[in-house]
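Student: Please take a close look at the side-chain pairs in this model, both the charged ones and the aromatic ones. I would like one connected account.

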Amino acid sequence: MEVEKSAIVKNDEATSNIKREEEDSDRKTFEAYTEQVHKTDGYEVTISRPGKIMRGFLPMDISVEKRYQDYDMCAQLAVDKFNSLFKLEFVKVLMVTVRPSCVFTFYITFEAKDLADEAEVKTYQTQVLMGLPHGTWKVKTMRPKPNLDEQGDCWIF
């Protein structure tokens with residue numbers, strides 16, 4: 001009986017060590033995730049928040065065959081809405097993160113030609129809300145992509 005008790009204790013210790021390692025890994029992942037969210041205002045998050053519940057910012061696969069929505073269309077909506085401020089021509093989507101909200105808010109980083117600046121290609125960011133009913137789109141914000149030390153300097157319309 002003593003041998004069995006010893007095996008149980010060792011098994012519990014191994015399970016406890018594995019759980020501690022998983023918790024430590026989750027903590028490190030969460031810290032890296034939080035740092036990305038703060039540094040990029042949620043626009044360029046490449047790490048999913050640990051846990052099984054869908055919350056926070058989630059990186060999206062932007063390859064055409066795996067797209068959840070038409071991200072090009074979302075970026076074009078922002079270009080069209082703000083063309084009185086910027087003279088832009090949409091080029092391509094670079095990155096998308098999504099945050100659950102009413103339905104979803106897409107944080108899109110994209111390139112566009114600045115027609116007021118010799119058609120130079122520049123990087124911009126927009127937030128587009130997919131609302132209810134499904135298929136209702138609203139551009140919340142758009143801005144030139146700030147340098148990392150300028151994050152938070154966002155135009156909100």
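**Charged pairs and ring pairs**

Tutor: R27 counts as partly exposed because its relative accessibility is 41%; buried means under 20% relative accessible area, exposed over 50%, and partly exposed in between (1.4 Å probe, protein chains only). The model is predicted, so local features need pLDDT of at least 70 and side-chain atom pairs count only at pLDDT 80 or more, while totals for chains, interfaces and linings use all residues. Residues are numbered from 1 along each chain as its sequence is written, and side-chain values use heavy atoms, with hydrogens and water left out.

Side chains of opposite charge can pair when their charged atoms come close. A salt bridge is a side-chain nitrogen of Lys or Arg within 4 Å of a carboxyl oxygen of Asp or Glu. The structure has seven of these salt bridges. In one of them R27 pairs with E31, with the closest N and O atoms 3.1 Å apart. Both residues belong to helix 1 (residues 2-40) and are four residues apart, about one turn of the helix. Helices (H or I, at least four residues) and strands (E, at least two) are DSSP runs, numbered from the N terminus. E31 is partly exposed, at 44% relative accessible area.

Another salt bridge joins R143 and D41, at 3.1 Å from N to O. R143 is in strand 5 (residues 136-144) and D41 in the loop between helix 1 and strand 1 (58-59), so this pair ties together parts that are 102 residues apart in sequence. R143 is buried at 1% relative accessibility, whereas D41 is partly exposed at 25%.

D117 and K122 form a further salt bridge, with their closest N and O atoms 2.9 Å apart. Shared partners join D114, D117 and K122 into one network of salt bridges.

Now the rings. Rings of Phe, Tyr and Trp (its six-membered ring) pair if their centres lie within 6.5 Å; planes under 30 degrees apart count as stacked, over 60 as edge-to-face and the rest as tilted. There are nine aromatic pairs in the structure. Y43 and Y107 make an edge-to-face pair, 5.2 Å centre to centre with 70 degrees between the planes. Y43 sits in the loop between helix 1 and strand 1, and Y107 in strand 3 (residues 104-114), 64 residues apart. Y43 and Y107 are both buried. The rings of F104 and F106 form a tilted pair, because their planes are at 45 degrees, with the centres 6.3 Å apart. F104 is buried at 16% relative accessibility, and F106 is buried at 0%. Ring pairs also link F104 and F106 with Y71 and W137 in a cluster.
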